[in-house]
Amino acid sequence: MDTEFDRQHIWHPYTSTIDPIPCYPVKGAEGLELILEDGTRLLDGMSSWWAAIHGYNHPVLNEAVESQLKQMSHVMFGGITHQPAIALCKKLVAMTAEPLEKVFLCDSGSISVEVALKMALQYWHALGRPKDKFLTLRHGYHGDSFAAMSVTDPDNSMHSLYKGFLPEHIFAQSPESGFFDAWNEDDISDFAQKLEQNRDRIAAVILEPIVQGAGGMRIYHPTYLRRVRELCDEHNVLLICDEIATGFGRTGKLFAYEHAEITPDILCLGKALTGGYMTLAATITTSHVADTVCSGKAGCFMHGPTFMANPLACAVANASLELLTNQNWQQKVHSIENHLSTLLPPLKNHHAVKDVRWLGAIGVVETHNNVDVAEIQKVFVKEKVWIRPFGRLIYIMPPFDMEEHHLSALVRAIQKGVEHCFGE
Ligand SMILES: *Cc1c(COP(=O)(O)O)cnc(C)c1O
């Protein structure tokens, strides 16, 4: 592979053109493994960023794409509908909480967040009470497009770079009580105060339920989410749950909001929706929100991407959701959680490790200082695993088929990587 051309001309996520971190050439992927150009097989701890929950090159998913390809790859969705979209939306309506029944399909997670925010704004406009603010949490992550970024942690996403252009929203303290800790009622006070003070301007609260992902891998107490729902009801503010990372079983529930037994008004899904095969996302809302939006001045919801409901993506999403629900995913995820709960705690004995935490098929090792990504990845590749840390976080969210020996290999590699970077 011409990796020199890559280094000179191709931008990778969050990389510098001046001093790019080396990229590993991958020529294939199969089951739980990525295959490097030289044939080395790496056990994948990342599911390609939460997406490949069934692993790679899966015969059922391949077949879904191949047979759809022979029918049609793409048709516009304006004035046209098709079976892959209908079948997928039927599944999504059935899987999600009962009031969620209007599905908007879009291209990527960030766009599904844009769509959710626009729905909330159009909703209040239609009611004759326009609102212009969102309330969200510190350490959140909702995507890289501008509106999504405006509700992402201001320090992590460097809002200072876009000052004057980026809308300014309201950030509450994120919860301190961990998922398995005792609940501390003080955790909600900053959120409650900010909501009460700004209720007339706040169109919606947007947050990642239970697990804050790319903004810090924080796993928080379900009572926080329950309080948020209660306060949104009390102050008549919509609640948007961004389950782009947590959806489809990752946290041990099909959707993380189930841990708190609440229902959002708007739900964003993406990442694992197609089993990691293609880009596709969905924003799902209630009939009440949807119909209110459409009763407004515009008479419709003002959004419609070119590749909306791409049939190839819908077909593979259908197959992925069938695979998920036809097998015992809950048992698989719980068994991953059990293994992580015994494998991770010993890492806390290392002086460089600040904390370890886990939930469902998510494991996190937080160090005191930033990890040298290029350096630690050398160790990972030598250990034949693929893990990509950021900042002080080394984390895994493996495909659901991983067994104990796979997980111990991942955790052993993390241990060796930490020892290599921070000393024994
Ligand atoms: C990844 C992610 C997004 C953005 O999705 P893209 O497909 O990368 O645009 C939004 N919200 C959360 C919680 C995510 O994890």
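The legends below describe close-up views of a predicted model. Local features are described only where pLDDT is at least 70, side-chain atom pairs count only at pLDDT 80 or more, and totals for chains, interfaces and linings use all residues. Residues are numbered from 1 along each chain as its sequence is written, and side-chain values use heavy atoms, with hydrogens and water left out.

**View 1. The two domains of the protein.** Domain 1 covers residues 3–57 + 328–422, and domain 2 covers residues 63–326, with bounds that come from an automatic or database domain assignment. The centres of the two domains, taken over C-alpha atoms, are 26 Å apart.

**View 2. The interface between domain 1 and domain 2.** Here 27 residues of domain 1 are in contact with 29 residues of domain 2, where contact means heavy atoms within 4.5 Å. The area buried between domain 1 and domain 2 is about 2300 Å², and carbon and sulfur atoms give 67% of this area; buried area is the accessible area (1.4 Å probe) that two parts lose on being put together, summed over both. W50, W329 and L359 together supply 33% of the area that domain 1 buries against domain 2, more than any other three residues. Nine residue pairs are in polar contact across this interface, both residues being at pLDDT 80 or more; a polar contact is a pair of N or O atoms within 3.5 Å, and within protein one must be able to donate a hydrogen and the other to accept it, while residues adjacent in sequence count only if both atoms are side-chain atoms.

**View 3. The surroundings of the ligand.** Among the residues around the ligand are S108, Y141, H142 and E208, each having a heavy atom within 4 Å of the ligand. A polar backbone atom of G109 lies 2.9 Å from an oxygen atom of the ligand, and a polar side-chain atom of K271 lies 2.6 Å from an oxygen atom of the ligand. On the side chain of D242, an N or O atom is 2.7 Å from a nitrogen atom of the ligand.

**View 4. The salt bridge of R227 and E185.** The side chains of R227 and E185 meet in a salt bridge at 2.7 Å, N to O, the term meaning a side-chain nitrogen of Lys or Arg within 4 Å of a carboxyl oxygen of Asp or Glu. Because R227 lies in helix α8 (residues 222–235) and E185 in the loop between β6 (170–172) and α7 (189–198), the pair ties together parts that are 42 residues apart in sequence; helices (H or I, at least four residues) and strands (E, at least two) are DSSP runs, numbered from the N terminus.
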